[in-house]
Amino acid sequence: MHNSDGKCWKRSGETCCTVQTRIYLQEIEKMLHENHSASIPVSGISMYPFLTPNCDYVGLRPMDTVRCRPGMIVLFRRESGAYVLHRIIKCKNESVFLAGDGQCILEGPIHISQVVGWVSHVYRRGKWVALWRRKGFMFGVLWRWAFPIRRYWFGGARRLSVLVAGRKG
């Protein structure tokens, strides 16, 4: 991995460097294409409440180890070059339609070649949790089915938080 626009320092005799996120994720994509697994920290709020930014990590596996199916969380590369974790809502031919768990807008069609890897595990509260096991898989399926009503769910939650905040103030 090269260091472009990052900073380096010495710690315990080893050189440590910061790397731009895009460069880091390009290296992760190369690792996945070489059939390796990888883990990355969750950043951003699009997958909240299922994934918590700056707290959870996700374990990624190469996409060619499994076929695409609705409910899966995948890492994909937008045409702009940005990398995003979202859940597959629908698969159609060679494309997928995706949305973050905290979003009401469908993104797609995204060509399957833009899907870099799939999330097999989540690291939370000191342990790895397999998403393909019954509980994680069922949540993914149910949350995908709830996609059409999310806007009402989130709207109600916003109104409730305003009411609660109003009573405190």
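Reader: Where is Ser 120 found?
Author: Ser 120 is in strand β9, residues 115-124; strands are DSSP runs of E with at least two residues, numbered from the N terminus. Welcome to a predicted model, where local features need pLDDT of at least 70, side-chain atom pairs count only at pLDDT 80 or more, and totals for chains, interfaces and linings use all residues. Residues are numbered from 1 along each chain as its sequence is written, and side-chain values use heavy atoms, leaving out hydrogens and water.

Reader: Why is Ser 120 called buried?
Author: Buried means under 20% relative accessible area, exposed over 50%, and partly exposed in between (1.4 Å probe, protein chains only). Ser 120 has 2%, so Ser 120 is buried.

Reader: What makes Tyr 57 partly exposed?
Author: Its relative accessibility is 37%, so Tyr 57 counts as partly exposed.

Reader: How many aromatic pairs does the structure hold?
Author: Two. Rings of Phe, Tyr and Trp (its six-membered ring) pair if their centres lie within 6.5 Å; planes under 30 degrees apart count as stacked, over 60 as edge-to-face and the rest as tilted.

Reader: Why is the pair of Tyr 57 and Tyr 123 called edge-to-face?
Author: The ring centres are 6.3 Å apart and the planes stand at 75°, so this pair is edge-to-face. Tyr 57 in strand β4 and Tyr 123 in strand β9 are 66 residues apart, and their pair links distant parts of the chain.

Reader: What is the pair of Tyr 123 and Trp 128 called?
Author: Tilted, with 5.1 Å centre to centre and 55° between the planes. Together, Tyr 57, Tyr 123 and Trp 128 form one aromatic cluster.

Technical notes
Helix = DSSP H or I, 4+ residues; strand = E, 2+ residues; numbered from the N terminus.
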